[in-house]
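Student: I would like to go through this structure by question and answer. Please show it first.

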Amino acid sequence: MNASPRPTPLSTKFFTPGVMILTLLALNGVAVAVARLLFGIGAVTNLSDQYPWGLWIGVDVAAGVALAAGGFTSAALGHVMNREDYHAIVRPALLTAMLGYTFVALAVVIDIGRWYYIWHPLVMWNGNSALFEVGLCVMIYMTVLYIEFLPIVTERFVGRVRLKGVFSFINRPLDTLLRILDRLLDKTIFLFIIAGVVLSTLHQSSLGTLMIIAGPKMHPLWQTPILPLLFLLSAVAVGFPMIIFESLIASRSFGLKPEMAVLSRLGRMVGPLLGIYLGFKIGDMFIRETFVYLADPTTESVMFVLEVLLGVVIPLRMFLSPSVLRSPLWLFVASSLVILGVLLNRINNFIIAYTPPYASVVYYPSIGEISVTVGFISLLILAYRFLTRIFPIVSVPQKSPAPTTKYAIRGSFQ
Amino acid sequence: METRRDFLRTTLITTAAASVSEAARAAPARIPSTDRMGILVDTTACVGCRSCEAACKRAHDYPNEPTADNSTIPARRRPGHDSLTVVNEYPGPERPPRPTYVKVQCMHCDFPGCESACIVGAISKKESGPVLWDGDKCIGCRYCMVACPFQIPSFEYEKALKPEIEKCDFCIRRIDDGNVPACVEVCPMEALAYGRRASLIEVAREKIRNNPDRYNDHIYGEFEAGGTSWMYLAKAEFKELEFPELGRDPMPGTSESIQHGIFAYFVPPVSLYALLGGLMWITKKRKEAEEMAE
């Protein structure tokens, strides 16, 4: 029992050449974001009256939310289905989702024209708007994610709050606060975990509803009334590949053995999930007879084929193969393809499929837009690396017997 | 002919004033009033003088007047934040070609996509016809621009603070003061008629009936996207004048029924919550039973 892996704060070196590069990319992105706040959206983007939404909405927001889906799929598996054997992946997925949604929120702040009014949807409601639903759900879900993270904070710091110097006087009240939080959450965390899963299914699907109102401005290959279902199914399908992808990178980066036992079992579920998604996608194509558009080699048809073939069909076949599931390398490749597929799908839906009736230019993201997107992703990776050194997130095999204090292990709903 | 038109215009304006005051008493917001106002654009009467562009700028305190020469007309300009309306030129079907001029501005849909889309409800369809933008609510997300099938709302990308969504406001301030929209008032050819939308449709039908050679038998905006307050008559097919080909369904139809289906009295989310809670309880009990057995 004591030899089994347990979430532990990591103590590997923080600064590596990779971290240095990420820091530079992050600084560049932050600089452009500041320029956008000072000089307006037009100063750094290629957005126009023809193309009001671009890379920031398509990738940072839409793809960002989809790729953070590991948070709710793993919570459903680990906590709702009570599969103890998957607990090793729940915390990394939770941290990814928490950071992911935080950066989605940041991207929204940068993208909306009047960022200082970001709180308006809280008090000014429009129940007809899919965007209102997405906005409100994302805000609430982000709060839920932070609450779900609190037990990790209490586990780490109860009895260990040791601020130095002028702050030392708050050590005791802070410790008391943590203990109260811990006791409260111990009995109630399951309420938040279920809420997190419900909120996720709601806004993951409503993100798909967003483009339906664009009607004929959207290419028929993507414009379908079942878009919300396709968005939800693809988000569910990309959840586990995203966890596998991260886990394999993290174990390599932190010098740990890949958790192949858990990852293979996760991988086994991806095939059927991708199959369901593909079934609806192809079924929709045949019912609406949109395959006729695939006959012309346009940007749209090429992107559609790439998205489905590279991002769904090939990884679907791979995930069904036992030898792929056993190999860290092939599992990594297959997971990367699913992630690429969902990324392409969101780009296609929000950018490629969108053709304004009076288009005179073709939208292509500016250097500034790319800088912010790349910078924010870098910042997210850095934050992940930083927080895994402070909090017990990543499961590490234990050499010495685990201490059995009250706060040693905190699962959920115990 | 002229006197009849004048008479018509006066009648329309009078009914307009009456119905606006009536609309102020307000019925349910989502059902357009039968007395709502509209504007009928007769492109066969327009000579492309662009007085309407200038009048619009004056009425909205825009600084720049359009240039006197019409060299920019064939450029197919779009309304933007320097001009809420523009007139574009299209070569006509006749030999030698006689150009058609098309005034472009917000169509003021009866069931606006932008209104349904707006995250904070900053865009609203007034009972009396106009679709208006509220700068105190707007967060600048530009979803209205995504939703608009006519590509009308324009955003001030160059402004860091208080960028505005700009589009034709139906001269709401002038209407409230009992005037007609600036473009209608100034038009020397009376190509624009302001009045009760229902009456305008009758007028348009009559025009088509009396001059079948002059008009294509189609009132653009009568049914497009569920109907619009601005409607057009033309000789050519509207497709040739670059009007979007839209069905009769309002833009928000599908998205709203999906939204309201997912959230029908919060039954689906609450049921899902209960289902997951039950699942969690059952799996926990089963796990405890297994542990006991070991």
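Predicted model: local features only at pLDDT ≥ 70, side-chain atom pairs only at ≥ 80, totals over all residues.

Tutor: Residues are numbered from 1 along each chain as its sequence is written, and chains are lettered from A and ligands numbered from 1 in the order in which they are written.

Student: How are α3(A) and α5(A) oriented to each other?

Tutor: Helices here are DSSP runs of H or I with at least four residues, strands are runs of E with at least two, and both are numbered from the N terminus. Helix α3 (residues 55-67) and helix α5 (residues 87-111) of chain A pack at about 160°, with axes 9 Å apart; axes are lines fitted to C-alpha atoms, for helices over the stretch in contact, and angles run from 0 to 180 degrees between N-to-C directions. Angles under 35 degrees count as roughly parallel, over 145 as roughly antiparallel, 65 to 115 as roughly perpendicular and the rest as oblique. Therefore α3(A) and α5(A) are roughly antiparallel.

Student: Into which classes do the residues of the contact of α3(A) with α5(A) divide?

Tutor: Two residues are in contact if their C-beta atoms, placed from the backbone, lie within 7 Å. From α3(A), residues including Trp56(A), Ile57(A) and Val61(A) meet residues of α5(A), among them Phe103(A), Val104(A) and Ile110(A). Ala, Val, Leu, Ile, Met, Phe, Trp, Tyr, Cys and Pro count as nonpolar, Asp, Glu, Lys and Arg as charged, and the others, Gly among them, as polar. The contact of α3(A) with α5(A) divides into 10 nonpolar, 2 polar and 2 charged residues.

Student: How are α8(A) and α9(A) oriented to each other?

Tutor: The axes of α8(A) and helix α9 (residues 227-253) of chain A come within 7 Å and cross at roughly 130°. By that angle, α8(A) and α9(A) are therefore oblique to each other.

Student: Into which classes do the residues of the contact of α8(A) with α9(A) divide?

Tutor: On the α8(A) side the contact includes Thr201(A), Gln204(A) and Leu207(A), and on the α9(A) side Leu227(A), Pro228(A) and Phe231(A) are among the residues involved. The contact of α8(A) with α9(A) divides into 8 nonpolar, 6 polar and no charged residues.

Student: Is Leu199(A) buried or exposed?

Tutor: Leu199(A) is found in helix α8 (residues 171-209) of chain A. Leaving aside neighbours within four places in sequence, Leu199(A) is in contact with Cys137(A), Ile140(A), Tyr141(A) and Val144(A). A residue is buried if 20 or more other C-beta atoms lie within 10 Å of its own, exposed if 12 or fewer, and partly exposed in between, with C-beta atoms placed from the backbone. Because 24 other C-beta atoms lie within 10 Å, Leu199(A) is buried.

Student: Which element gives the largest share of the side of chain A that touches chain B?

Tutor: In total, 52 residues of chain A are in contact with 49 residues of chain B. Elements that give two or more residues to this side of chain A include α1 (17-39), α7 (130-157) and α8. The side has 33 nonpolar, 15 polar and 4 charged residues. The largest share, 8 residues, comes from α8(A).

Student: Which residues touch the most other members of the largest nonpolar core?

Tutor: A nonpolar core is a set of buried Ala, Val, Leu, Ile, Met, Phe, Trp, Tyr and Cys residues joined through C-beta atoms within 7 Å. Val238(A), for example, touches residues including Ala66(A), Leu67(A) and Val338(A). Of the 195 residues in the largest core, those that touch the most other members are Val238(A), Cys144(B) and Ala147(B).

Student: What is the phi of His108(B), and is the residue buried or exposed?

Tutor: Most residues other than glycine have a negative phi. His108(B), in the loop between β3 (100-104) and α3 (113-117) of chain B, has a positive phi near 50°. With 26 other C-beta atoms within 10 Å, His108(B) is buried.

Student: Which residues does Val47(B) touch, beyond those up to four places away in sequence?

Tutor: Val47(B) is found in the loop between β1 (37-42) and α2 (51-59) of chain B. Val47(B) is partly exposed, with 13 other C-beta atoms within 10 Å. The residues that Val47(B) touches are Tyr101(B) and Met189(B).
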